[in-house]
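This note is written for a colleague who is meeting the structure for the first time.

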2 protein chains.
Amino acid sequence: MEKKQLHLGLFLMGSGHHIASWRHPDVEPEQVTSFRYFAEIAKKAEEGKLDMLFLSDGLSFHELSHPAELSRFEPISLLSALAAVTNKIGLASTVTTTYNEPFHVARKFLSLDHLSGGRAGWNVVTSYYESEAKNFSKKEHLAHQDRYIRAQEFLEVVDGLWGSWEPDALVRDKESGVYFEKDKLHQLNHDGAFFSVEGPLNIERSPQGKPVIIQAGSSNAGVNLAARSADIIFTAQDNLADARAFYRSVKDKVQAYGRNPEHVKIMPGVSVYVGKTYEEAVQKYEQLQQLITPEVGQNLLSEYLGGFAISPYDVDGPLPENIPETNGNKSRRALLIKLAEEKQLTIRELYQYVAGSRGHRLLFGTAEQIADDLENWLMEGGADGFNLMLPTFPSSLDEFVDQVVPVLQQRGIYREDYSGSTLRAHLGLLEPVYKRPILNNP
Amino acid sequence: MEKKQLHLGLFLMGSGHHIASWRHPDVEPEQVTSFRYFAEIAKKAEEGKLDMLFLSDGLSFHELSHPAELSRFEPISLLSALAAVTNKIGLASTVTTTYNEPFHVARKFLSLDHLSGGRAGWNVVTSYYESEAKNFSKKEHLAHQDRYIRAQEFLEVVDGLWGSWEPDALVRDKESGVYFEKDKLHQLNHDGAFFSVEGPLNIERSPQGKPVIIQAGSSNAGVNLAARSADIIFTAQDNLADARAFYRSVKDKVQAYGRNPEHVKIMPGVSVYVGKTYEEAVQKYEQLQQLITPEVGQNLLSEYLGGFAISPYDVDGPLPENIPETNGNKSRRALLIKLAEEKQLTIRELYQYVAGSRGHRLLFGTAEQIADDLENWLMEGGADGFNLMLPTFPSSLDEFVDQVVPVLQQRGIYREDYSGSTLRAHLGLLEPVYKRPILNNP
């Protein structure tokens, strides 16, 4: 029997995931709005046979953000350009359902899917930052619960629009003059709490059946949405025991929704430092940690805790109790509070950890040691793959592709080459099902 | 003194502008959602040193549309991909202000501008089709007048967001750890009738100062919007006398708004048929005309007349009087009624004309004759350039670039090579002015 196969996504982020990466001597931070820079990274990831590239997104400016997020490309336009210079690698991006319209989103991802020959993926989020509301003529951010109700309806509309053209609707018979078959196009006529959308879409069926759906929230509402609708789940998991518990509970939920658990891939984020020795890997991390100013660290931690002002508290003391919940991202806040408690971290230790990892797991070692760890999580039921949050671009990607990938390949848990051309093929998700019955024209 | 220089845009449309182009033996209509097909066309246009490529857009499906519009790429994603395979040519697209948000639109065009190194242009429209409303949770289409009020406010917000980063806001000083200068970023705090937008944008200042603005409506409201805000005006003009009158009136309006008339380029659409002889050029047209089915012709005419049902009338009789105005595109309707009256066309002759030209001027001849005509309009004050609506792709582009462009170059009225790398440079519009005063952070 073939060994279980590892899936790898590259979370592509300007100068790198470490918050101080832009100060590293090898990094050229002015490249974060240079297309050629991203093109080289994408080609290297494709050389490493990764399943996909992934871009995060946000719709407001935050001076306390990771520097690579201050000024950045709109993700669909960047992925479209990357589609032109790559051939196989999947191209996925975050787009929020809270400040968008389903017709636009359905169309953009289907357009990317055609441009790339079936490589598009959409990470569905409901907007983390409350300030996005103010760029979209709203007085306040939609409440957490309502965001998820809207997201579920949004997804249904998008799925319906993606299914509005039957695959063989376009005939283009030059002889008879018939361009398309009218009865193979379908109006959606959706009329719901948030949206009314007639359809059909103005672009034909996706080359991969439909674009891949990713979900990243670990709140109850997020996991339910994912279990119903997602092909990939991103998650932050700090240790294998927790990861296994999360993995099992999500797969159970997927099954409870009548879906095949094999068809949902769980990919925890991981920040990887590769060295010739374990010590060298740790040194690379320490070098970056020294480049973090205390102000940056405190601000980042405040932001991850939903805007809670952390600077009045002793940096060498514990995290204060009863940090209030906000209307933002609940799961990241909860993970950090739990982490500080379990590992007995001071505020300084916690912000250093957060600044280095962005709330995800840190992994140090030689290529063999890194491969051991990834293989262990794969075999022990903690993950189907990983979303790689590498500290510095392009250097840590070069190291991962040149050193870790060959080890994974030798062990038979990772592809030697792509066997298909679509993201769905890379993930082994070949036959998407349209959940919504297709309606006829009235 | 250097001769007045001609500007050329290529209106890129699937299989070609002629409605029956897809049935032509040389055309491969299944290529309209193939990126490689568009990439070859874009490279050919760049070989011809054209100022820009231009894509139209729409947000609903219409079975009576030009076949190339039934299933098509979302334009910003296609242009982003084309940016990756071209180096100099401008990349412009239609985006409506009626069913979009200014933050998204400002960001998408600025992202395209960075991807392409300063080649982005935005054709501002207010949505022609009433049915778009139904894909965006609206009961009915916004009234014509309100669409233009919204468009003007939308443009002001976008302009403000594009100006929200001063050009030198990003410092990225590795030594001090200062990534950007806070006082060089500005909130917009726009609070208007349609939008309230805080800003700043989450992408830095445009490589070309700001993307180029195009306007295409010839209604009074459209021309006023253009005179205030546009760098390029597209227009449908059937003869030189009318074109000169339009040209003069627009340039006067531009001056009345306190702008330099030289900084607004007027580009009528023109459908060009090139042959070894005039007769061969006309034969190419006739060959395509014979491929139009009567039903397609009648339906197209109905659509251009705002949905007025034309099939009950005798096809060999005149256009009925008193065709009612609708809430759609007024200027195209008026042009067709005027044309039928002046040239005494029957319904059949009118729909054949429309089907062949899409309401724009038809031009037949040898390369020399085509060049004569374009030069005449340029020198006689009818145009600063043309938006080329070529009948079949890629063949009529190949003919234009290989045969007409060298003649224009020999006459000294068209560039031998690009002298700059941005769309603004090609157009001679080097210093964009931000109309809105930049506000400080509160």
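1. Which residues do ring pairs link into a cluster? The model under review is a predicted one. In it, A:F109, A:W122, A:F154, A:W162, A:F194 and A:F195 are joined into a cluster by ring pairs.

2. Over all chains, the aromatic pairs number 40. One of them is formed by A:Y99 and A:F136; it counts as stacked because the ring centres are 5.6 Å apart and the planes stand at 20 degrees, where stacking requires planes under 30 degrees apart. This pair links distant parts of the chain, its two residues being 37 residues apart. A:Y99 belongs to the loop between β3 (90-96) and α4 (102-115) of chain A, and A:F136 to the loop between β4 (120-125) and α5 (144-162) of chain A. A:Y99 is buried, with a relative accessibility of 6%, and A:F136 is likewise buried, with a relative accessible area of 3%.

3. In chain B, the rings of B:F194 and B:F195 have centres 6.2 Å apart and planes at 40 degrees, and the pair is therefore tilted. B:F194 is partly exposed, at a relative accessible area of 28%, whereas B:F195 is buried, at 2%.

4. A charged side chain over a ring is found in each of two chains. A:R361 lies over the face of A:W377, 3.7 Å from the ring centre. In chain B, the charged end of B:R361 is placed over the ring of B:W377, at 3.7 Å from its centre.

5. The interface deserves a separate remark. Of the interface residues of chain A, 99% are also interface residues in chain B, so the copies meet through the same surface.

6. Is B:D191 buried or exposed? B:D191 is exposed, since its relative accessible area is 68% and the term applies to values over 50%. B:D191 is part of strand β7 (residues 190-191) of chain B. The C-alpha atom of B:D191 is separated by 9.5 Å from that of B:V157, a residue 34 residues away along the chain.

Terms used: Residues numbered from 1 in each chain as written. Chains lettered and ligands numbered in written order. Predicted model: local features only at pLDDT ≥ 70, side-chain atom pairs only at ≥ 80, totals over all residues. Heavy atoms only, no water. Helix = DSSP H or I, 4+ residues; strand = E, 2+ residues; numbered from the N terminus. Buried < 20%, exposed > 50% of the residue type's maximum accessible area, 1.4 Å probe, protein only. Phe/Tyr/Trp six-rings, centres within 6.5 Å; stacked < 30°, edge-to-face > 60°. Lys NZ or Arg CZ within 6 Å of the ring centre and 35° of its normal. Contact = heavy atoms within 4.5 Å.
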